[in-house]
Amino acid sequence: HPEVLQDHPGDCPLCGMALEPMGIPTDEPNPELIDFTRRFWVSAVLAFPLVILTMGPLFGFNTGGWLGERYTILLELILATPVVLWAAIPFFKRGWSSILNRSPNMWTLIMLGVGAAYGYSIVAALAPELFPISFQETDGSVPVYFEAAAVIIALVFLGQVLELRARERT
């Protein structure tokens, strides 16, 4: 939003995107690019085994059979938690800011989608008996969506890193 002017670095109060500095470009490293690159790699490294655990059976890998369904779900919880509760913090801040400013945007959608997938999965992993029988598998577990939350975050970070690199070269 070009109408937003600020005398210090920060996020746009309307959309949550990082404000672009005015004036002459510098050779200083972009702190947002450095931070997002680190968060991307952590997200990607943790999301990869999540995809293997959840999608392995589609390719003939009996991932649930190695550990048992209950321990597989708990491992998914362990792998997804740092992605959602640490790496995704900038997205949640931007999403919340968009709600407060009554300006819903991509960050709002990411915050709501990832938050819903992760929140639902937490309850499903730790208290599957709260769900109706129709939701439960034969072993009493309830399907979880930890991999969706982590993969969405990793892919959004990939897009943000690519965008920030491209903007830095212009």
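Which residues are buried in H5?

1. This is a predicted model, and the points here should be read with that in mind. In H5, the buried residues are Trp107, Thr108, Ile110, Met111, Val114, Ala117, Tyr118, Ser121, Ala124 and Ala125. The cover over these buried residues of H5 includes H3, helix H4 (89–100) and helix H6 (146–169).

2. On geometry, helix H5 spans residues 106–126, which is 21 residues. From the first C-alpha of H5 to the last is 30 Å, close to the 30 Å expected at 1.5 Å a residue.

3. Overall content: the chain holds six helices and zero strands. The pattern along the sequence reads α-α-α-α-α-α. Of the 170 residues in the chain, 37% are buried. Taking contacts between residues at least 6 apart in sequence, 63% join residues at least 24 apart.

4. H5 against H6. The two axes come within 8 Å and cross at roughly 155 degrees. Angles over 145 degrees count as roughly antiparallel, and H5 and H6 are therefore roughly antiparallel to each other. The crossing of H5 and H6 is left-handed. On the H5 side the contact involves Met106, Trp107, Ile110, Val114, Ala117, Tyr118, Ser121, Ile122 and Ala125, and on the H6 side Phe146, Ala149, Ile152, Ile153, Val156 and Gln160. Sorted by class, the contact of H5 with H6 has 13 nonpolar residues, two polar and no charged. Several residues of H5 in this contact are also listed as buried, including Trp107, Ile110 and Val114.

5. H3 against H6. Here the axes come within 9 Å, with a crossing angle of roughly 35 degrees. The crossing of H3 and H6 is left-handed. H3 contributes Ile73, Glu76, Leu77, Ala80, Val83, Val84 and Ala87, which meet Phe146, Glu147, Ala149, Ala150, Ile153 and Phe157 of H6. The contact of H3 with H6 contains eleven nonpolar residues, no polar ones and two charged.

6. H1 against H3. The axes of helix H1 (residues 31–55) and helix H3 (residues 69–87) come within 10 Å and cross at roughly 160 degrees. By the cut-off of 145 degrees, H1 and H3 are therefore roughly antiparallel to each other. The crossing of H1 and H3 is left-handed. Residues making the contact are Arg38, Arg39, Val42, Ser43, Leu46, Pro49, Leu50, Leu53 and Thr54 in H1, with Thr72, Leu75, Glu76, Leu79, Ala80, Pro82, Val83, Trp86 and Ala87 in H3. By class, the contact of H1 with H3 has twelve nonpolar, three polar and three charged residues.

7. Thr63. This residue is found in helix H2 (residues 63–67). Is Thr63 buried or exposed? Thr63 has a relative accessible area of 1%, and under 20% counts as buried. Leaving out residues up to four places away in sequence, Thr63 touches Ile52, Leu53, Gly56, Pro57 and Thr72. Thr63 and Leu53 lie ten residues apart in sequence, with 5.6 Å between their C-alpha atoms.

Notes
Residues are numbered from 1 along each chain as its sequence is written. This is a predicted model: local features need pLDDT of at least 70, side-chain atom pairs count only at pLDDT 80 or more; totals for chains, interfaces and linings use all residues. Side-chain values use heavy atoms; hydrogens and water are left out. Axes are lines fitted to C-alpha atoms, for helices over the stretch in contact, and angles run from 0 to 180 degrees between N-to-C directions. Helices (H or I, at least four residues) and strands (E, at least two) are DSSP runs, numbered from the N terminus. Angles under 35 degrees count as roughly parallel, over 145 as roughly antiparallel, 65 to 115 as roughly perpendicular and the rest as oblique. A crossing is left-handed if the near helix is turned anticlockwise from the far one by less than a right angle, and right-handed if clockwise. Contact means heavy atoms within 4.5 Å. Ala, Val, Leu, Ile, Met, Phe, Trp, Tyr, Cys and Pro count as nonpolar, Asp, Glu, Lys and Arg as charged, and the others, Gly among them, as polar. The expected span of a helix is 1.5 Å times one less than its number of residues. Buried means under 20% relative accessible area, exposed over 50%, partly exposed in between (1.4 Å probe, protein chains only).
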